[in-house]
Amino acid sequence: MAYTLNEKLAAFPPYTPSDEDPKLIHMDANECAMNLPADLVDRASKEVLGVQFHRYPDAYAKDLREAFAAFYGLSADCVTAGNGSDELIGLFISAFLMKGETFLTTEPDFSMYTFYPHLSEVPVVLVEKGEDLTLSAGSLIEQAKASNARLVLFSNPCNPTSVGLPRKDVLRIVEALPDTLVVVDEAYMDFWEEDQSVLGEVGAYDNLAVLKTCSKMGLAALRLGFAVTNPRLTQVLQTVKSVYNINTLTQRIATLVLREESALRNQIAKTIASRRALSVAVAAREKTFPGLLKLYPSCTNFLTLRMPDPKGFAGFLLSRGISVRYFPQLVRVTAGTTKENEAFMTALDLYLEGESSHA
Ligand SMILES: *Cc1c(COP(=O)(O)O)cnc(C)c1O
């Protein structure tokens with residue numbers, strides 16, 4: 001037993017994936033609360049029959065990229081497919097930084113943004129958000145310049161804050177940092193306002209990339225995300241990604257589903273309606289128990305709450321069969337089905353009444 005792990009591995013913080021227990025109500029992973037419509041699942045299953053299992057997948061996922069591009073009104077030569085946007089996040093960090101170059105992201109933001117730099121030993125600068133959880137474009141620009149950051153990555157709207165940064169501020173960042181690649185992760189943009197997206201701007205800038213995922217619209221099982229960039233950057237990404245990164249089953253099924261635009265748009269619309277209903281209900285409790293609960297304005301498929309004891313609240317919910325994600329000061333609750341939202345509200349009321357009685 002003489003082998004010692006290097007420091008970065010020994011210090012690696014464990015990631016706790018969401019609990020897969022089917023008996024739990026899952027409001028912890030920002031998945032879509034509903035499965036695809038049964039007829040689409042049926043057609044997807046037939047795709048499997050056509051697969052030549054002994055052959056490698058299409059390395060450039062041509063049909064899939066075209067279907068994704070059509071869904072968002074883009075050109076396929078601006079699109080690279082990834083094994084989840086996770087793979088693409090890792091790729092941006094490993095490929096677009098030379099040894100010692102600085103990466104900048106925000107805090108709080110998506111946990112994967114610091115996971116990959118840690119693995120690649122990349123220096124990280126964190127732009128801290130204030131109590132209202134908004135990101136200051138001015139402060140980001142200033143810190144990116146001061147640290148000579150070569151790569152900037154943040155989510156918009158943000159996970160875990162649920163807050164959106166207006167499009168004009170995003171473009172201000174891109175324009176202020178011409179020698180920095182700015183990667184905007186729009187994993188949740190479908191749940192905000194379409195005109196806040198910078199997806200259509202990639203052709204206008206040398207240094208802008210946008211990440212998208214299929215995980216939040218109901219296809220988390222397939223592991224599929226996309227980078228949208230100008231054709232020059234797309235060529236680079238296609239060259240440096242792992243060759244057969246998207247398996248044939250994912251390519252075929254996702255192509256079928258993305259062409260079925262109305263089914264996906266319907267899932268997104270239902271998700272927005274669920275988040276709105278849950279926001280209204282939680283906002284009413286915020287009024288009644290102002291010291292116990294603060295709700296942030298959500299542009300996503302989840303709500304972010306500030307509470308005095310997030311861990312205690314999450315434990316209380318778990319004892320009632322509901323799983324949410326908690327952070328040191330925040331609780332993140334994924335919009336569920338009508339029934340799931342009701343179960344959450346019942347549990348929230350019980351918790352708040354209990355807390356206020358011994359306050
Ligand atoms: C969920 C999420 C993703 C999606 O990752 P996949 O690997 O595509 O599932 C990307 N970015 C953010 C900010 C997310 O919350």
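Contact means that heavy atoms lie within 4.5 Å. Keep that in mind for the tour.

This is a predicted model: local features need pLDDT of at least 70, side-chain atom pairs count only at pLDDT 80 or more, and totals for chains, interfaces and linings use all residues. Residues are numbered from 1 along each chain as its sequence is written, and side-chain values use heavy atoms, with hydrogens and water left out.

**Stop 1: Asn341**

Select Asn341. You will find Asn341 in helix α12 (residues 338–357). Helices (H or I, at least four residues) and strands (E, at least two) are DSSP runs, numbered from the N terminus. Asn341 is buried, at 8% relative accessibility. Buried means under 20% relative accessible area, exposed means over 50%, and partly exposed is in between (1.4 Å probe, protein chains only).

Which residues does Asn341 contact, leaving aside its neighbours within four places in sequence? Show Met27, Ser274, Leu278, Ala335 and Gly336. Then look at Gly336 again: its backbone nitrogen is 2.9 Å from the side chain of Asn341.

**Stop 2: the ligand**

Now select the ligand. Around the ligand are 14 residues, and Asp185, Tyr188, Thr213, Ser215 and Lys216 come nearest. A residue is near a molecule if one of its heavy atoms lies within 4 Å of it. Color helix α4 (residues 84–95) next: with 3 residues, α4 gives the most to this shell. By class, the shell has 4 nonpolar, 6 polar and 4 charged residues. Here Ala, Val, Leu, Ile, Met, Phe, Trp, Tyr, Cys and Pro count as nonpolar, Asp, Glu, Lys and Arg as charged, and the others, Gly among them, as polar.

Zoom in on the oxygen atoms of the ligand. One is 2.6 Å from a polar backbone atom of Ser85. A polar side-chain atom of Asn159 lies 2.7 Å from a ligand oxygen. For Lys216, an N or O atom of the side chain is 3.1 Å from an oxygen of the ligand. Taken alone, the ligand exposes 380 Å², and the protein buries 94% of that. Accessible areas come from the Shrake-Rupley method with a 1.4 Å probe; for residues, only the protein chains shown count as cover.

**Stop 3: salt bridges**

The count comes to 13 salt bridges (a side-chain nitrogen of Lys or Arg within 4 Å of a carboxyl oxygen of Asp or Glu).

Start with Glu131 and Arg306, whose side chains meet at 3.9 Å, N to O. Glu131 lies in the loop between β4 (124–128) and α6 (137–146) and Arg306 in strand β10 (residues 302–306), so the pair ties together parts that are 175 residues apart in sequence. Buried or exposed? Glu131 is exposed at 57%, while Arg306 is buried at 15%.

Move to Arg150 and Asp179. Their closest N and O atoms are 3.3 Å apart.

Then pick Glu261 and Arg265, a salt bridge at 3.1 Å, N to O. Both lie in helix α10 (residues 261–288), 4 residues apart, about one turn of the helix.

**Last stop: helix α7**

Select α7. Asp169, Val170, Leu171, Ile173 and Val174 are buried there. The buried residues of α7 pack against α6, β5, β6 and β7 (208–213).

Definitions and conventions: A polar contact is a pair of N or O atoms within 3.5 Å; within protein, one must be able to donate a hydrogen and the other to accept it, and residues adjacent in sequence count only if both atoms are side-chain atoms.
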